[in-house]
Amino acid sequence: MDNEIYGLTKGHAGPTTPSGDMTKSTTYGNPDPSVDPCALAIAVGASWVGRGFSGDVKGTTDLMKRAIAHHGFAFLNIISPCVTWRGDDQHKELRAKVRQLPPGHDVTNREAATRFTDEGDELTVGVLYDVMRPTLVDQLAEIERRARGDRKQVSRDSFLARFQM
């Protein structure tokens, strides 16, 4: 959940607080540029990245299910305005900015996905990026299989079972 502020600590600026926002810790405006969590997730290698809005319960629930079902590093950023700190106005303002991804958006194109991050006038929601590739655990299981000289595939579950307590 991303509400762009540490509202429960009395309104201190956080990493996603927009530049220029006045908070209790930045009384003359936030001097730092805000971090876009979706851009960061794409940059560090997440294979599934989505953004939702708490005012769209049905759409956000669908995104949660899709993120959980994804085999790999899935990241879902849910924009949820802090009504305690900013009142109901920000919720209405964000609702007016929310846009679904355009039809035909190529979720496998990293550059296309990045274009929908760090937006100002719009807040694009949906699956920004979705690619299938082996996870770290998949790759380690394959290394083990080759090292043992096994011809059979080592299952991900059998590999992980050795590390569970």
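A crossover is called right-handed if, with the strands pointing away from the viewer, the path from the first strand over the helix to the second runs clockwise. In the model above, strand E1 (residues 48–53), helix H2 (residues 57–69) and strand E2 (residues 74–79) make a right-handed β-α-β unit of this kind, where helices (H or I, at least four residues) and strands (E, at least two) are DSSP runs numbered from the N terminus.

Before I go on, please keep in mind that this is a predicted model, in which local features need pLDDT of at least 70 and side-chain atom pairs count only at pLDDT 80 or more, while totals for chains, interfaces and linings use all residues. Residues are numbered from 1 along each chain as its sequence is written, and side-chain values use heavy atoms, with hydrogens and water left out.

Let us look at E1 and its neighbours. Two strands pair if DSSP finds at least two bridges between them, and E1 pairs with E2 in the parallel sense over six bridges, with Ile-78 of E2 as the bridge partner of Gly-52. E1 also runs antiparallel to strand E4 (residues 123–130), to which four bridges join it, and here Val-49 stands opposite Tyr-129.

How many of the residues of E1 are buried? Six of its six are, buried meaning under 20% relative accessible area, with a 1.4 Å probe and protein chains only. Both faces are covered, with Trp-48, Gly-50 and Gly-52 on one side and Val-49, Arg-51 and Phe-53 on the other.

How values were computed. Buried < 20%, exposed > 50% of the residue type's maximum accessible area, 1.4 Å probe, protein only.
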